[in-house]
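The sequence and the model are shown first, and the description follows.

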Amino acid sequence: MIGVYREFEGCMRLAGYVLSRLPVLARPPVAESLTRQIYFTGASATAGIVLRGAFIGTFIIAYVIDVLEADAALAVKILLWVVLREVGPLIAAVLVIQRSGTAITTELALMQISGEVTNLRHMRIDPRDYLVVPRVVGVALSTAALTFYVQVIAVGGGMLLSALSIDASLGELSSEFFALARPLDLVYSTIKSCLFGAAIGLVCCYHGLHPPGVSINAVPKAAINGVTQSTLLVLLLNVVFAYLVFGQAFFGLVTAKL
Amino acid sequence: MSEADSSAAIGYEPLNGGGGRVWVPLGGARRVAALSEHSRKRLVSAVLDVMPGPGTRLVLLGVDVEGLGPAGRAALRDRIAFLPADGGLLSSLNAWENVVLPVGFHSPARLASVEAEVTATLASLGADPEALLAKLPERMTPYEKNLIGYVRITLEKPDLLLAEEAQGELDSAERAAAARFPEIYLERCKGGTYVQLENASGPQGPEF
């Protein structure tokens, strides 16, 4: 229990540090590190992540429409509420954890064990400035971008599938979708996915810089800690965020009374 | 503070008067031999943390660190550099990126002007700058890693450089080039102190 509290406190301190040190991103080596992180998480992985995300999103829509025997109005609501607001950001976050979260934790844990983090200190560079700040910001921005791609393709795929499986044209579905969608939905999912990305980056960097040992065995342990805890944190943030913004959590089982 | 303290680049001594005393005068190149790995690490750690260990006293660049606050220690630390045997490189960066990392971080305005200086230093030490600067650390020999770490430090122009020799067998050309490290450092950093850390089996220098 004390260990969990320490890790939580450590992540919170790291978050405070990152927020207070954002100007360091203007320094050339840190800016380069940010660019690499965005390229790795947001660009080089785009095709795979977006295709997988879109497939999962479309599959969910097909399944729900089939089970609920949905009409055009319900299909559009499902697309909006499930894919745009919830599944899109969650799928992107889970795929980012799988790919970038593991990579970040493993890389930092190896750097810590091999003494490269100490080398940075010898150069009078705070490892958090060079290693953590660009990764957290890079993963946050990339997760938001990936979420947008997943949403566009999953909603598009979902609409196409709905048009094929229910008695409604694609034009009818899309006009109903755009009538129902609000700018808040996009703002909500963008902020939420940024927050997911930042949380993933923070937790994975924390565990990478604090591996549970000094031998090579500590690297996979750090990766497991980083992945499991960032997944839990993303799910928790999703619930808290839904409750704060829409006044409901756990699919309406918990409702805010203001 | 005594006259001896004010002229010491490194003054490190146990307060109980036991063995392990190190005194290196300011300016020039010196060799210091450590009796054990433990005592070498203790000295490096004390110098880089600007913090004497328990029961010891530390003078750096003529300043007794005992009376310094955090800002004073940080200012003193900015004048000190350490060259580990393996060069202290980051494995994910190539040699050029490793060389310019501290300069880019601490004084980005200088970045545009360092390329010529790096190339000249490497050429004067007999290396092929173009080929070497494109290499990743995993493709470098132990000497090349040490050399790249050294070039990186010369750009920082520290007042005190604590250096370890490259590990492993060096060929005669590499040995000759490595022997010129202190000379080139002292040309670049007037009044600086180059301290070569060696094991007790090394040729010269006071032991501690």
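In which sense do β6(B) and strand β7 of chain B pair, and over how many bridges? The two strands pair in the parallel sense, over four bridges, with β7 of chain B covering residues 160-164. The model in which this pairing is seen is a predicted one.

## The sheet of chain B

The pairing of β6(B) with β7(B) belongs to an open sheet of four strands in chain B, whose order is β3-β8-β7-β6 with parallel pairing. The edges of this sheet are formed by β3 (28-34) and β6 (80-83) of chain B; each has a single partner strand, so one side of each is left without a neighbour in the sheet. On average, neighbouring strands of the sheet are turned by 20 degrees against each other, direction ignored.

At the level of residues, B:F82 has B:L162 in β7(B) as its bridge partner. Helices also accompany the sheet. Helix α7 of chain B (residues 142-156) lies across β6, β7 and β8 (193-199) of chain B, and runs at about 170 degrees to β6(B). Helix α9 of chain B (residues 181-188) packs on the sheet as well, touching β3, β7 and β8 of chain B, and its direction makes about 160 degrees with that of β8(B).

## A buried alanine in chain B

Strand β1 of chain B (residues 8-14) contains B:A9. Is this residue, B:A9, buried or exposed? B:A9 counts as buried, because its relative accessibility is 0%.

Leaving aside residues up to four places away in sequence, B:A9 touches B:V24, B:P25, B:L26, B:V59, B:L60, B:L61, B:L160 and B:T193. The C-alpha atoms of B:A9 and B:R21 are separated by 14 Å, with the two residues 12 apart along the chain.

## Salt bridges within the chains

Side chains of opposite charge can pair when their charged atoms come close. Over all chains, the count comes to 20 salt bridges. One of them joins the side chains of A:R135 and A:E107, at 3.0 Å from N to O. A:R135 lies in helix α6 of chain A (residues 127-165) and A:E107 in helix α4 of chain A (residues 72-114), so the pair ties together parts that are 28 residues apart in sequence. A:R135 is buried, with a relative accessible area of 8%, whereas A:E107 counts as partly exposed at 30% relative accessibility.

In chain B, the side chains of B:R21 and B:E13 meet in a salt bridge at 3.4 Å, N to O. B:R21 is partly exposed, with a relative accessible area of 47%, and B:E13 is partly exposed too, with 25%. A further salt bridge is formed by the side chains of B:R79 and B:D159, at 2.7 Å from N to O. This pair links distant parts of the chain, 80 residues apart: B:R79 is in the loop between α3 (70-77) and β6 of chain B, and B:D159 in the loop between α7 and β7 of chain B. B:R79 is partly exposed at 33% relative accessibility, and B:D159 is partly exposed at 29%. Salt bridges that share partners also join B:E13, B:R21, B:R57 and B:D64 into one network.

## The interface of chain A and chain B

Between the two chains, 19 residues of chain A are in contact with 20 residues of chain B. Chain A and chain B bury about 1,800 Å² between them, and 58% of this area is on carbon and sulfur atoms. A:H122, A:M123 and A:R124 supply 39% of the area that chain A buries against chain B, more than any other three residues.

How many salt bridges does the rule find across the interface of chain A and chain B? Three salt bridges are found there. A:R124 also takes part in a salt bridge, in which its side chain meets that of B:D78 at 3.2 Å, N to O.

A disulfide is a covalent bond between the sulfur atoms of two cysteines. A search of the whole structure finds zero disulfides over all chains. A:C194 counts as partly exposed at 26% relative accessibility, whereas A:C204 counts as buried at 0%.

How values were computed:
Residues numbered from 1 in each chain as written. Chains lettered and ligands numbered in written order. Predicted model: local features only at pLDDT ≥ 70, side-chain atom pairs only at ≥ 80, totals over all residues. Heavy atoms only, no water. Disulfide = S-S within 2.5 Å. Buried < 20%, exposed > 50% of the residue type's maximum accessible area, 1.4 Å probe, protein only. Pairing = 2+ DSSP bridges. Axes fitted to C-alpha atoms, helices over the stretch in contact; angles between N-to-C directions. Contact = heavy atoms within 4.5 Å. Buried area = accessible area lost by both parts, 1.4 Å probe. Salt bridge = Lys/Arg side-chain N within 4 Å of Asp/Glu carboxyl O.
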